[in-house]
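Hello,

Here is the structure I promised to pass on. Please load it first; my notes follow below.

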Amino acid sequence: MDNKTLCLAVLSMGDASGYEIKKRVEEVFSRFMDVAPSGIYAALKLLDQEGLVSAKVVPQEGRPNKTVYTLLELGREALTASLKASEGRHKIRSELVTLLMFADLLPPEKLRDVLAHRISELEQIKAETEAATGAYPRATGSLCAWAW
């Protein structure tokens, strides 16, 4: 997913400044995909030029003005088109996957411990993502049972 699509996705959750978008990308999306937050501001400028978002300068007392972006209908359509066109690739670069390739060399209790630890990490990421975005329904049970 490119930075333009990421910006549109964040703005689909509500208006935000460039800083807020960059922060959301770093705190949420970087957990599960490779992102380049440094390109957020350039992407926002292009989205504004393309008429996909609107930009409003908001004066702030004692601080520089900030620009707040709003997703326009054309932007929502572009986001939907981009999501539909995505292959939904899943990239894994993981020491865990490497360890699992050689699971036959490990005792079962080691595998149970490693997998239990990973499930715990994923549960924490899920909770943090829900708290940060408010975009996901509360689920009961473990991450493994949660219907995405």
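In which helix is the place of threonine 5? It is helix H1. Keep in mind that this is a predicted model.

Threonine 5 first. Its relative accessible area is 6%. The cut-off for buried is under 20%, so threonine 5 counts as buried. Leave aside the neighbours within four places in sequence, and threonine 5 is in contact with Leu79 and Ser82. Alanine 43 is another residue to look at. It sits 38 residues from threonine 5 in sequence.

Now the helix around it. H1 spans residues 3-11 and is mostly covered. How many of its nine residues are buried? Eight are. Among them are Asn3, Cys7 and Ala9, as well as Leu6, Leu8, Val10 and Leu11.

What do the buried residues of H1 pack against? Three helices are partners: H2 (18-27), H3 (40-49) and H4 (73-85). Strands E1 (16-17), E2 (53-60) and E3 (63-71) are partners too.

Next, the surface. Val97, Met101, Phe102 and Leu105 make a nonpolar patch there. Its area is about 430 Å². One of its members, Phe102, lies in a loop. That loop runs between helix H5 (95-101) and helix H6 (108-133). Is phenylalanine 102 buried, partly exposed or exposed? Its relative accessible area is 44%.

Best regards

How values were computed:
Residues are numbered from 1 along each chain as its sequence is written. This is a predicted model: local features need pLDDT of at least 70, side-chain atom pairs count only at pLDDT 80 or more; totals for chains, interfaces and linings use all residues. Side-chain values use heavy atoms; hydrogens and water are left out. Buried means under 20% relative accessible area, exposed over 50%, partly exposed in between (1.4 Å probe, protein chains only). Helices (H or I, at least four residues) and strands (E, at least two) are DSSP runs, numbered from the N terminus. Contact means heavy atoms within 4.5 Å. Patches are made of residues with over 30% relative accessible area and no salt bridge: like charges are joined within 9 Å, nonpolar side chains (Val, Leu, Ile, Met, Phe, Trp, Tyr) within 5 Å. Accessible areas come from the Shrake-Rupley method with a 1.4 Å probe; for residues, only the protein chains shown count as cover. A salt bridge is a side-chain nitrogen of Lys or Arg within 4 Å of a carboxyl oxygen of Asp or Glu.
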